[in-house]
Amino acid sequence: MRLLPLAPSGPWRGSTRPVHSCSPGLLLLLLGGCLGGSAAAAARSRKPNVVLILTDDQDEVLGGMTPLKKTKALIGDMGITFSSAYVPSALCCPSRASILTGKYPHNHHVVNNTLEGNCSSKSWQKIQEPDTFPAILRSVCGYQTFFAGKYLNEYGAPNAGGLEHVPPGWSYWYALEKNSKYYNYTLSINGKARKHGENYSVDYLTDVLANVSLDFLDYKSNSEPFFMMISTPAPHSPWTAAPQYQNTFQNVFAPRNKNFNIHGKNKHWLIRQAKTPMTNSSIQFLDNAFRRRWQTLLSVDDLVEKLVKRLEFNGELNNTYIFYTSDNGYHTGQFSLPIDKRQLYEFDIKVPLLVRGPGIKPNQTSKLLTVNIDLGPTILDIAGYSLNKTQMDGMSLLPILSGTSNLTWRSDVLVEYQGEGLDVTDPTCPSLSPGVSQCFPDCVCEDAYNNTYACVRTTSALWDLQYCEFDDQEVFVEVYNLTADAHQITNIATSIDPEILGKMNYRLMMLQSCAGLSCRTPGVFDPGYRFDPRLMFNNHRSVRTRRFSKHLL
């Protein structure tokens, strides 16, 4: 099937401003913003292409990359693997919004996976979508842009534009309605609905995304650079593997690491409520989920191989950056929580990040701290567009990718999450009060309205530290020294040096109110750090009411 681009004339679906093509004279002026003056036309054909492959719920800590042998060989081994890559929120829609906008959640205001939480809402469409990095690539930098797969969890909702809504910035749009599925789903193809059934050969979503991506590479214009974003359902539930992979990994089980099936002592009440030890049925369930997640990733591995081979066959691989990452991590039995994400621990907030491309030396590993708000600035930097012209909070990774020496880099990032809870008691768990959600049959719940927290994740020469505060009646604090306690078993909030605790508290307040450049100021263990109370309140719209525990005052 040949994909057709969105029509360059006529009303623009989903936006009040056109972002497709423009007159040659105007295009050269716009390209000047990306390339700098009269060299725009000559350099335009040499601008690199970019491919971003985004998986759904793929962890890094628990071996999520293990099944992807071809991906590691074709991207990681041919470029750089970031071993300290994080997300600013351990939930699909807020994290994806951060990728698209280059902003922390307190600046793009997507707080959960619902329309009420601003996930693909009309407010998101009006305020944030016009300034996403793909919109800039298309309207300013002259890229042809292609999207295929899961966009945001509420995309396609009838009261938010339905499937007719095509976000600004996309030349080709091939988006899944709402959340991840493998069969029996509906796609928006340039704003027109197409239903798929359950025939593997024509409907299995990961393979459909692979095929339509190859079609794009074959039929796109060769006169413009391109950006592709391929967003797979794997390894998100319902964990439906392709038929040829359904019997793989039969001897694989969820990792029995140090924090598996233990009580979350000295942690937030939501972690403490988990039943320890887990029942045999719960362990069998999570082992099966772990195995099936890996099975779904084998089709992603095939997708990556097909894509790289086609780029090579077309003579475009050497001028193409390929990014591979996930929207959040996942847990299977850690601290006796069965399966989910949403928590502040490494297994939920740490993700794979592999990059190959022009000028990137092979077989590299970087320990530098990255967060997915860096992807937009990096891709715009590759296109020649200055981060200073945006309102993005992230940093460009291009100096790292290109091997810049003596690079000054950040030492901390912000992680923030707003918990969700039901207003009524779960009928299957009458002993639980209202306010919890994501509950399992044995009445272990993975979320609650006061599972609302913010963390500073710090890595420096002296400290590998995580400091978190909860916005609840306890004003609960969790602190972990990951150098001594990689599995985050022991909360050291009451034993760490009070001076460090105070500094981390102030740093957290500053990051929770940061915007743009102020999100990139030195951390508390950096030589250039200075405490400036004004930085804590420079973004009044995003500062929420905070309470402080006595030991922090």
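Me: Which residues does asparagine 257 touch, not counting residues up to four places away in sequence?

Reply: Asparagine 257 touches Leu62, Gln334 and His487. Contact here means heavy atoms within 4.5 Å. Asparagine 257 sits in the loop between strand 8 (226–231) and helix 10 (269–272). Helices (H or I, at least four residues) and strands (E, at least two) are DSSP runs, numbered from the N terminus. The model is predicted: local features need pLDDT of at least 70, side-chain atom pairs count only at pLDDT 80 or more, and totals for chains, interfaces and linings use all residues. Residues are numbered from 1 along each chain as its sequence is written, and side-chain values use heavy atoms, with hydrogens and water left out.

Me: What makes the link between the side chains of asparagine 257 and glutamine 334 a polar contact?

Reply: The distance is 3.4 Å. A polar contact is a pair of N or O atoms within 3.5 Å; within protein, one must be able to donate a hydrogen and the other to accept it, and residues adjacent in sequence count only if both atoms are side-chain atoms. So 3.4 Å falls within the limit.

Me: Why is the aromatic pair of tyrosine 183 and tyrosine 204 called tilted?

Reply: Rings of Phe, Tyr and Trp (its six-membered ring) pair if their centres lie within 6.5 Å; planes under 30 degrees apart count as stacked, over 60 as edge-to-face and the rest as tilted. These centres are 5.5 Å apart and the planes make 55 degrees, so the pair is tilted.

Me: What does this pair tie together?

Reply: Tyrosine 183 lies in the loop between strand 5 (172–176) and strand 6 (186–189), and tyrosine 204 in the loop between helix 8 (200–203) and helix 9 (205–219), so the pair ties together parts that are 21 residues apart in sequence. The whole structure has 27 aromatic pairs.

Me: How do you know that helix 11 has a span close to the expected one?

Reply: Helix 11 (residues 280–313) has 34 residues and reaches 50 Å from its first C-alpha to its last. The expected span is 1.5 Å times one less than the number of residues. Glycine 315 follows helix 11, with a positive phi near 75 degrees.

Me: Which peptide bond joins alanine 234 and proline 235?

Reply: A cis one, with omega about -5 degrees. Proline 235 is in the loop between strand 8 and helix 10. The bond from serine 237 to proline 238 is also cis, with omega near 15 degrees.
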